[in-house]
Amino acid sequence: MSNNIGVYNEVSRRDFIKTCLTATAMLGLPYGMVNKVIAAAESSNKPPVIWLHFQECTGCSESLLRSSHPTVASLILDTISLDYQETLMAGSGEQAEQSMHDSMAANKGKYILVVEGAIPTKDNGIYCKVGGKTGLDSLRSVSEDSAAIISIGTCAAYGGIQSVEPNPTGAVGVRDIIKNKTIINIPGCPPNPYTFLSTILYYLTFKKFPELDTLGRPMFAYGRKIHEHCERRPHFDAGRFAEAYGDDGHAQGHCLYKLGCKGPVTYANCPVQRFNDVGVWPVSVGHPCIGCTEPDILFKTSIAEKVQIHDPTPFDAYAPIDIGKKGKGPNALTTAIVGLAAGAALGAGAMMAKNLPASIENKDKQTNEKSKQA
Ligand code: SF4
């Protein structure tokens with residue numbers, strides 16, 4: 001076992017491998033790649049990370065670090081070298097500032113800048129100041145020599161609630177300010193910790209970031225609509241809806257579309273990679289999806305407002321023979337088959353992680369034994 005992983009006593013070797021298996025499945029990588037992902041997670045070559053907070057509630061950090069099961073948080077902290085993070089660091093004031101500048105100087109062009117929160121731009125950004133500098137100045141100066149930027153959460157990605165009209169501070173997302181860097185958006189309010197962990201593991205494994213969509217989001221996590229994997233989808237297709245909170249339909253787990261669910265127009269993996277390690281997500285507990293990963297929905301459309309479904313996509317579990325009727329011709333069929341494969345892969349990955357295959361555990365034990373003997 002790597003010393004780094006061992007620092008967190010709560011994380012057993014078994015849990016560590018299970019988490020890597022889940023991340024491998026989430027990334028859509030073949031099962032055989034899990035050993036490469038494990039090796040990358042254990043590598044001592046940790047990317048330096050500077051993590052800046054601007055206009056936000058710190059919910060993204062909280063969600064990452066306060067997961068009910070410690071493995072994900074521990075792995076995140078163990079796979080990166082977190083050189084500056086205002087919420088977590090023990091130091092403060094000049095000492096903290098110095099450590100950030102030391103890291104930037106020592107890791108020029110190599111460090112990853114993680115941004116949490118929107119950036120106010122009105123009146124030269126005076127509405128958010130840390131260490132005597134505006135968020136705008138800090139973002140520009142720290143991004144200058146970074147290798148890439150990860151905008152974590154909807155505020156850093158698109159401006160979030162701070163940017164809602166009348167937007168008194170002129171809040172925007174990182175991509176509205178920085179134009180000359182690779183920027184990975186991991187939106188969500190909050191995003192799933194596994195999405196962040198998997199992005200980092202992908203970077204460690206392949207020395208590059210995963211494929212992004214037009215909004216800068218990793219395709220592995222934001223490539224499909226919520227509606228395609230939702231467990232209430234059979235009710236939607238059968239026309240069974242909750243009409244009001246607490247009515248019979250709601251109590252029986254019917255579709256939440258009429259309560260304003262934004263799942264049909266929201267790209268995210270919530271129904272597949274759920275939250276809190278106990279398999280829940282908003283829709284599973286009776287709340288409509290609020291579209292928190294989309295730039296124009298969260299806080300900009302009322303929760304009760306029904307979305308227009310312009311581009312219907314099939315449920316991932318339908319057999320292809322049904323899809324031609326429900327979808328929109330040949331493209332829908334292709335989409336559905338891909339969806340079926342993606343859903344099956346993720347589901348299989350989750351099951352593999354739950355029932356950790358003996359072959360992986362044995363192989364891992366043998367590797368560890370050999371390294372101990374050497
Ligand atoms: Fe699920 Fe919402 Fe789609 Fe209904 S409308 S199936 S609750 S995602």
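This is a predicted model: local features need pLDDT of at least 70, side-chain atom pairs count only at pLDDT 80 or more; totals for chains, interfaces and linings use all residues.
The second largest cavity lies between domain 1 (13-221) and domain 2 (224-314), because both of them give residues to its lining; the domain bounds come from an automatic or database domain assignment. Residues are numbered from 1 along each chain as its sequence is written, and side-chain values use heavy atoms, with hydrogens and water left out.

By a cavity I mean a set of points, on a 1 Å grid over the protein atoms alone, where a 1.4 Å probe fits but cannot get out, and its lining residues have an atom within 4 Å of a point. The volume is the space filled by probe spheres set on the points, which are joined across faces, edges and corners. For the second largest cavity that volume is about 60 Å³, and of the 13 residues that line it, Pro-187, Pro-191, Asn-192, Cys-270 and Thr-293 are the closest to its centre. Its lining has 8 nonpolar, 5 polar and no charged residues, where Ala, Val, Leu, Ile, Met, Phe, Trp, Tyr, Cys and Pro count as nonpolar, Asp, Glu, Lys and Arg as charged, and the others, Gly among them, as polar.

Helices here are DSSP runs of H or I with at least four residues, strands are runs of E with at least two, and both are numbered from the N terminus.

Let me turn to the aromatic rings, where the structure holds 6 pairs. One of them joins Phe-241 and Tyr-257, and it is tilted, at 6.3 Å centre to centre and 50 degrees between the planes. Rings of Phe, Tyr and Trp (its six-membered ring) pair if their centres lie within 6.5 Å, and planes under 30 degrees apart count as stacked, over 60 as edge-to-face and the rest as tilted. Phe-241 and Tyr-257 are both buried, buried being under 20% relative accessible area, exposed over 50% and partly exposed in between, with a 1.4 Å probe and protein chains only. Ring pairs also bring in Phe-236, so that Phe-236, Phe-241 and Tyr-257 form a cluster.

Why is helix α2 described as largely enclosed by the rest of the structure? It is because 12 of its 14 residues are buried, among them Phe-16, Ile-17 and Leu-21.

I will close with the backbone. The peptide bond from Glu-165 to Pro-166 is cis, with omega near 10 degrees, and Pro-166 lies in the loop between α8 (154-158) and β8 (171-172). Another cis peptide bond joins Cys-189 and Pro-190, with omega about 0 degrees.

Although Thr-58 is not a glycine, its phi is positive, at about 70 degrees, and Thr-58 is buried, with a relative accessible area of 19%. Asn-124, also not a glycine, has a positive phi of about 60 degrees, but Asn-124 is exposed, with a relative accessible area of 66%.

Terms used
On a 1 Å grid over the protein atoms alone, a cavity is a set of points where a 1.4 Å probe fits but cannot get out, and a pocket is an open set with protein on both sides within 12 Å along at least five of seven lines; lining residues have an atom within 4 Å of a point.
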